[in-house]
Number of protein chains: 6
Amino acid sequence: MNDILGICRRNIVRAPREAVERLARFGVATVHEAMGRVGLARPVLHPIYPGAHACGTAVTVLLQPGDNWMMHVAAEQIQPGDIVVAACTTDNADGFFGDLLATSYRARGCVGLVIDGGVRDVRDLREMAFPVFARAAHARGTVKATLGSVNVPVVCAGALVNPGDVVIADDDGVVVVPAADAAAVADAAAKREANEHAKRARLAAGELGLDIYDMRGPLAKAGLRYID
Amino acid sequence: MNDILGICRRNIVRAPREAVERLARFGVATVHEAMGRVGLARPVLHPIYPGAHACGTAVTVLLQPGDNWMMHVAAEQIQPGDIVVAACTTDNADGFFGDLLATSYRARGCVGLVIDGGVRDVRDLREMAFPVFARAAHARGTVKATLGSVNVPVVCAGALVNPGDVVIADDDGVVVVPAADAAAVADAAAKREANEHAKRARLAAGELGLDIYDMRGPLAKAGLRYID
Amino acid sequence: MNDILGICRRNIVRAPREAVERLARFGVATVHEAMGRVGLARPVLHPIYPGAHACGTAVTVLLQPGDNWMMHVAAEQIQPGDIVVAACTTDNADGFFGDLLATSYRARGCVGLVIDGGVRDVRDLREMAFPVFARAAHARGTVKATLGSVNVPVVCAGALVNPGDVVIADDDGVVVVPAADAAAVADAAAKREANEHAKRARLAAGELGLDIYDMRGPLAKAGLRYID
Amino acid sequence: MNDILGICRRNIVRAPREAVERLARFGVATVHEAMGRVGLARPVLHPIYPGAHACGTAVTVLLQPGDNWMMHVAAEQIQPGDIVVAACTTDNADGFFGDLLATSYRARGCVGLVIDGGVRDVRDLREMAFPVFARAAHARGTVKATLGSVNVPVVCAGALVNPGDVVIADDDGVVVVPAADAAAVADAAAKREANEHAKRARLAAGELGLDIYDMRGPLAKAGLRYID
Amino acid sequence: MNDILGICRRNIVRAPREAVERLARFGVATVHEAMGRVGLARPVLHPIYPGAHACGTAVTVLLQPGDNWMMHVAAEQIQPGDIVVAACTTDNADGFFGDLLATSYRARGCVGLVIDGGVRDVRDLREMAFPVFARAAHARGTVKATLGSVNVPVVCAGALVNPGDVVIADDDGVVVVPAADAAAVADAAAKREANEHAKRARLAAGELGLDIYDMRGPLAKAGLRYID
Amino acid sequence: MNDILGICRRNIVRAPREAVERLARFGVATVHEAMGRVGLARPVLHPIYPGAHACGTAVTVLLQPGDNWMMHVAAEQIQPGDIVVAACTTDNADGFFGDLLATSYRARGCVGLVIDGGVRDVRDLREMAFPVFARAAHARGTVKATLGSVNVPVVCAGALVNPGDVVIADDDGVVVVPAADAAAVADAAAKREANEHAKRARLAAGELGLDIYDMRGPLAKAGLRYID
């Protein structure tokens, strides 16, 4: 059987840099729609400061509860433009990450952290403008005793993340784009945004979505009754 | 039997504009107290930015899970000064509302949104200063396939809201004032606030609530024992 | 049997002022680590504004659900430099505290509030820069009918707090330092912070925690396998 | 303004007995469907023993947190065939009800209790086979100090209940049938159940819902692709 | 400073056996009332089978997340009539306890387990009729790597438990009686139950609590209005 | 980009029948340990009756919120010995499954259902002894309007499930064994259980885990201090 604990994979296939850069221009909602409404994490990960935004290629971490050993192992695997995505083998909100690790990660070129767990030193992280999306802010310290893994597939807040995938996070949540789809999703997102631009102007002018999207017929067919 | 799904009511009786404007000057806590400590939603709806505040007459929406069709039907019913209050037939935190709908709602004169569900494009909404009170920020997209209703009585986060009621929302939560009570509640709120003004000065000067509110007698009677 | 309801203790032994002042310089995470990784409340109490920070000697309150009578009894017991720590006999998020009590507490020299319950008038509290750490923002009003206690040991969000203990709260949570340990913990925190300062510089320069903390040997011994 | 606290209404219009008896034969899911998929409470109220079932006309109670005074006021209003439906002005799971009240309620002809709060003496209630649907089992005692109301409209776990409505509860949850709709809903439920009977036999014989409900066409039209 | 981790205390003062046996005859609700409405854990610990009941003197355990080492250390400290009460330094629902530990504990004379964490092998535990009150049933395995403590004061689901205290658990929750109060609480519980016995008969005969407890006067004084 | 919505895969590779039958003899905890402590779903899925147990090869379903169309599409893909594992694109506890679908599934040879959502007709399912592990019991009805998928990889309550994997569920939770690992895991589980058998006898005889597992040395080395 394939072990998935006790492993650190060094060579991963990252999504093409060019596609990542294009994806970084879009919000999570746009990318999620461009993917056909999939790829989202559950809405349990929150930015530690409003307006936090990150887009990078995933270095994944599988943590054990109350143990942040693998966060250090992951540091060595970070390349510029990477985002670290940490999951845990069980629900745990301990403070796996703080300002020292953020300093280290940033020195390696890391653009942010998505973690289904807790973080601490939130004030420092905010002052560093290091974007973190976490389940909780919690001072609780961790040990370094039990192996997890680095760069294995992980499920983070309900989203499957493979090493090298593009992960985008903002106030609206976290979305995962498989590395192989990055360019196509960036294309679709650009198209969607262009389309929305025109819609926004019409809506701002007072036109109704009912008319712009031709909803009146389908609503009537579905049986909507207007009552005075 | 009375159907409550598949309906859009066009003519609703809104609370008098003058009363709404007076109520807009008070916070949610003051209005709740002025009503005799009723009318509050459960504390599960949060402003998408600190300091958000809205007060308007309710256009109500009953949503189906994962479906925001009725948000578009509601847009047409909005009159200047309205606040949209959206409930769902079941617990669901999908992103029913985003910057396009906000653009449309604002163009119609809508002053805010209270929704027992999710919203997205939170950064845009914040930049627009469009006050939204929601259960979650979530990029999750929705379909337009199943009818709910517009302008029927709804239960939103545990609070009963009838179309035309005054709904006030701020950092402290959401309160609902029945349309017929709006003027009387505004009177009571004004009286309460005047009363609090005097109390605040005395408390700031170091006087104790124990004395201002004459609590020492009742506390002793209830059996409070002071121990050294 | 020892009654713990219906009591207000007037004479409590506060941690030495000098130790409190030293502890006030450290964040919650540092103090928690300095104590040997104990003393934390569960991560369910949140600052009502980002960056809120408070450190003081605890005046404790045991509340009854929906009843804030004891918050007034506590006011009289506050001495300059105290922080009020309020627990409740059962889970309840009503608005036990608002701007009037904050005005009173501040006038008495109170430096902040930690409450396993709700607070209201959040906008005013924020403008006053009165640091509050609470379970919820909730306008819900309370009565004054049933006795709790003041200055008895309480369990607040899972943390045992004795009157006079040092309580420190910031974005990372709430930590409790027993009064007798305050000086020793301040010493340990200072030592820890000095140590972290040096580490931060090395990490910022790109050195890895794997090397700084000599983790490679233990990781190999635990069986970590690197895969290419 | 209409007060809704401090009231006990004595004369309420109960749904016709005959309709209640017919509704009692159906499960909650069937009645909910027969109503057009409305009327359900949120799934936070659980039977205190598996298989508990109750159907009656609602005597409603509005409780204050930690206070069960109104449960006693309600007792006097119970008529044979009534079910008591208790809501609270705020979230609270204290033990508002136990074996003594159950003894009293049963003596008055009460057929069950639905409560958005806690109950205690669960073992006794189970042995009495008194059906209770509650948010929690919790020994926590309550006081008798603050007025709520009896027989006012209440929102219980998200469902609006008027006094006299038919309330049905079983393992699947709690559904509310407006008194005026009781007969029509009973008719619709009977029709639905007859229809399901025939379906069940065909499904048991191995026929597929895809064919019985003619779904293949709509699925294809929606774009479902079969892949080998 | 006093360390509270890494300790196993061997000599603890257990509540008198005679008082424990008397307390074992009462339910949790009765004991909680007899104590003056204190001593309860939060209602987050559930019996793993209906009707589970346990009463014993506490051997306490402080666990680390994902680590059940201390459960083994505790086994040696168990004396006949003890109940093990396990808390964790942080929220964690891993399966700290299963049928092997239950076999061991029972062999030592342990009468049950209260744990603010998860347990597994639930079917076996049920068949053994070993009463367990836990936060979750969860198969998740644990390691043996980090020290907690045995027989230190712990906060378990919000309740402070000292080694030797009497802990009683049933369907209504978990209550803690300080060792020194055990006899007095047993007396008060007996008195309360005798009193309830008489009340039950009167209520069963149809008499109202309103009359038995003389509530009509206080209700009228509080302002209750009866409406027809 | 690879679409994962709107697909029904007909040919899937199921784990070998022989391995499935061997795995069916073990509990979830044993299998989870045999896999090296991975493969578990989060403890949010509960059996609808105590003692429910199921082991089969997974037919996976990806549902849309409030929509059970795909449950019917899945029915046709069921082969004898399969277990249906249903996830949803977002958190939703509606009643996706009831006695009619259970009748249909059983007729096709289905051995159980694991669903990150709600089910209804719980009393009927219990009487049928159809094992279901669900997030909630909820009567809430669903529509058939939006495509999800059948037999694509899904994340169910945090666990990744591929079609054909072995899924085992009991009172302790849900574990997923990749199809390719089924035989090896069955071997490891058998070995583990044999080993536990011997341990159980020694523990029942009063021997301590401290001695059986040679923990005293490591505990001392970790610094455990015994205090009298």
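Author: Let us begin with a term: contact means heavy atoms within 4.5 Å. This is a predicted model, in which local features need pLDDT of at least 70 and side-chain atom pairs count only at pLDDT 80 or more, while totals for chains, interfaces and linings use all residues; side-chain values use heavy atoms, without hydrogens and water. Residues are numbered from 1 along each chain as its sequence is written, and chains are lettered from A and ligands numbered from 1 in the order in which they are written.

Reader: Through which surface do chain B and chain F meet?

Author: They meet through the same surface, because 100% of the interface residues of chain B are also interface residues in chain F.

Reader: What rotation superposes chain D on chain E?

Author: Here the rotation is 120°, again with 0.0 Å of shift along its axis and an RMSD of 0.0 Å. That is the relation of a three-fold axis. Within chain D, the residue that comes closest to the rotation axis is D:Pro50, whose C-alpha lies at 5.8 Å.

Reader: How far apart are the nearest C-alpha atoms of chain B and chain E, which do not touch?

Author: They are 13 Å apart. Chain A and chain D are likewise joined by no contact, and their closest C-alpha atoms lie 14 Å apart.

Reader: How do I read the packing of two helices, and at what angle do helix H6 of chain B and helix H4 of chain C pack?

Author: Helices (H or I, at least four residues) and strands (E, at least two) are DSSP runs, numbered from the N terminus. Axes are lines fitted to C-alpha atoms, for helices over the stretch in contact, and angles run from 0 to 180 degrees between N-to-C directions. Angles under 35 degrees count as roughly parallel, over 145 as roughly antiparallel, 65 to 115 as roughly perpendicular and the rest as oblique. Helix H6 (residues 182-204) of chain B packs on helix H4 (residues 99-107) of chain C at about 15°, with the axes 8 Å apart. That makes H6(B) roughly parallel to H4(C).

Reader: Which residues of H6(B) and H4(C) meet?

Author: From H6(B) come B:Glu196, B:Lys199, B:Arg200, B:Leu203 and B:Ala204, and they meet C:Asp99, C:Leu100, C:Thr103, C:Ser104 and C:Ala107 in H4(C). The residues of this contact divide into four nonpolar, two polar and four charged, where Ala, Val, Leu, Ile, Met, Phe, Trp, Tyr, Cys and Pro count as nonpolar, Asp, Glu, Lys and Arg as charged, and the others, Gly among them, as polar.

Reader: Within chain C, how closely do the axes of H3(C) and H4(C) come?

Author: The axes of H3(C), residues 69-77, and H4(C) come within 9 Å and cross at roughly 15°. That makes H3(C) roughly parallel to H4(C). In this pair C:Met71, C:His72, C:Ala74 and C:Ala75 of H3(C) meet C:Leu101, C:Ser104 and C:Tyr105 of H4(C). By class, this contact has five nonpolar, two polar and no charged residues.

Key: Copies are superposed by least squares on the C-alpha atoms of residues with pLDDT of at least 70 in both.
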